[in-house]
Each structure stands twice: as C-alpha cells, then as structure tokens.
Amino acid sequence: MGRLDDKVAIVTGAARGIGAATAEMFASEGARVILADKRDDLGAQVAARINSGTPGSACYVSLDVTSEENWSDAVAQAHSAFGGIDILVNNAGIIRVKPLVDCDGETFRKVLDTNLVGPYLGIRAVVGAMELRGGGSIINFSSAQGFEGRFGMPAYTASKFGIRGLTKTAAIELGPKGIRVNTVAPGPTVTEMTQRPGWSQEDYNAAYSLYPLGRMAGAEEIAAMCLFLASAESSFVTGADFVADGGVTAGKPRDT
Ligand SMILES: NC(=O)c1ccc[n+]([C@@H]2O[C@H](COP(=O)([O-])OP(=O)(O)OC[C@H]3O[C@@H](n4cnc5c(N)ncnc54)[C@H](O)[C@@H]3O)[C@@H](O)[C@H]2O)c1
C-alpha cells in the first residue's frame, strides 16, 4: 500500500530540483503524476525515468504557469490520462537577485507572475476537478524568504510572503469543498536554483554552518514534506505554513 494510492497529482516545475524529487516520491507512493514544466526535454526525461520504475505512473505536459490557456490544457491532460486531479503542487518558481534600486519593473513583475500569479491560476484551474473527486490537497511553495526579508531579493520575498496570504484565503474559501491548501517553505536546498559555479557540497554546507542544522537540505527532504501534505496523514491540516529550513528562520545564527 502506498500513501498516495489512487491519487492523481500535478506537480509544476517538475523537470528538475524539488519538483522532480516530489514527482518521483509521489509515484513511488502509488500516485499517478502529471509533471508540468517549461523545460520540455528535461521534464520528459524525468517522466520517462519514473515510468521505467513504475510503468504508466507519469506523464509530462508543457506548461508555463503564467498562462491560463496552458493550465486548461494541463487539466484536460490530467483528465484524459488519469481521470481527474486530487493533488496540485505549485512548486515552479524563479529567483532574481537584484537590490531594490536595481530591480526594474519588468524583473519584479516576472518574479511575481511566476511565483504568485502562476499558483493563483493553478488553484483556479483545478478546483472544479477536485470538487468532482470530493476534495483535494493543494501545496503552494513559499520559502524561508516568505518569513524574513533578504538583501537583493525584493521581488522574491514579496512573492513568497504573498503566496502565504493567498494560501490562507484559498484554505478558507475551499475548505467547505474538502480542498486543503497549505504552504511548504523550504530553506536552503541543493538544486540548480542555488548552484554556484565551482562550489562543492562542503562549500554549500559551510555557508550554513552557523545555523542550527549546519547544512543545506536535499530536494528529497522537501519532497517528504509535500508527501505528508498530499497524503491523508494531514487530513485536518489546512491554511498552514510548513517550514523546512534547518532552523534558518529560528533566529540569528551563533556569533563567530
Ligand atoms: N532551492 C532552494 O534553496 C529553495 C529555497 C526556498 C524555496 N524554494 C522554492 O522551491 C521551488 C523549487 O525550487 P528549486 O530549487 O527546485 O528550483 P529549480 O530552479 O531547480 O527548479 C524550478 C523549476 O521550475 C520551472 N519553472 C520556472 N518558471 C516556470 C514557469 N513559468 N512555468 C513552468 N515551470 C517553470 C523551471 O523550469 C525548473 O524546472 C521554487 O518555488 C523555489 O522558489 C527553493
């Protein structure tokens, strides 16, 4: 018995990083998964890898989360491939590091469009399908930067604080339909998003050595949080933030 047997999930940003790890973990727990991303070659490869382990459990769709039309197509694909939707993981996201005075309107809007408007469109796209199944679980990606500001990240922090507000309102409105809505807020996690040229795993861990757990997360540690929120184990949980940040937002790190 898997923890997601008979469930169908859409995972955005599933071509790599946390999204790919989440799609793989969901499939290994019995779910059928629509992997959605803009990186088509990479996304199709991840879906093929999942299908080689658990045949027929994954399907890739090309999706730009900022496009309402793309969302309609992805929902239609979920219906035709797997018969409905129970879980949506709004994981796709981008970061642009530019101090406020250098962050032009176009950059700011692009980050907000991807990290906040995208999940909003996704929630609206799947509500009808989830109602047909009697409920569902929606997981929105915030960040440690959804709890504290950070130099050079005005757009990213705005988007990650914003998604927490959207989540709480969505939980209030959709709870009566049996749809739970929560956020996952990762701290520093080893993915392409955080890659720095020439850095080894030791370099990454050293950068966080003063924080409580003293290292970065692996993508599968964040996927495990998504699995909990997608599964029946979290059946009374909605409108909540689930921080998995190794203690980064607990307070100031030790003095050196
Ligand atoms: N890695 C970290 O340290 C960290 C920390 C906190 C929060 N997060 C959040 O976790 C989520 C996943 O991050 P990651 O580290 O795996 O990033 P990543 O860059 O490795 O992967 C993100 C994926 O999203 C896809 N994507 C970007 N824009 C898209 C769009 N418009 N439509 C569809 N797909 C799109 C990319 O193609 C990519 O496959 C993001 O929301 C990110 O903000 C990451």
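By class, the shell around the ligand comprises 13 polar, 10 nonpolar and 6 charged residues, with Ala, Val, Leu, Ile, Met, Phe, Trp, Tyr, Cys and Pro counted as nonpolar, Asp, Glu, Lys and Arg as charged, and the others, Gly among them, as polar. The model is predicted: local features need pLDDT of at least 70, side-chain atom pairs count only at pLDDT 80 or more, and totals for chains, interfaces and linings use all residues. Residue numbers start from 1 along each chain as its sequence is written.

In total, 29 residues surround the ligand, the closest being Gly13, Gly17, Gly93, Thr191 and Met193; a residue is near a molecule or strand if its C-beta atom, placed from the backbone, lies within 6 Å of it. Helices (H or I, at least four residues) and strands (E, at least two) are DSSP runs, numbered from the N terminus.

Turning to the sheet, 7 strands in the order β3-β2-β1-β4-β5-β6-β7 form an open arrangement with parallel pairing, where two strands pair if DSSP finds at least two bridges between them. At the edges, β3 (58-62) and β7 (241-244) each pair on one side only. Strand β6 (residues 179-186) is joined to β7 by 4 bridges, and Ala185 sits opposite Val243 in β7.

Helix α5 (residues 154-174) packs on the sheet and touches β5 (136-141), β6 and β7, contact meaning C-beta atoms, placed from the backbone, within 7 Å.

How values were computed: Contact = placed C-beta atoms within 7 Å. Axes fitted to C-alpha atoms, helices over the stretch in contact; angles between N-to-C directions.
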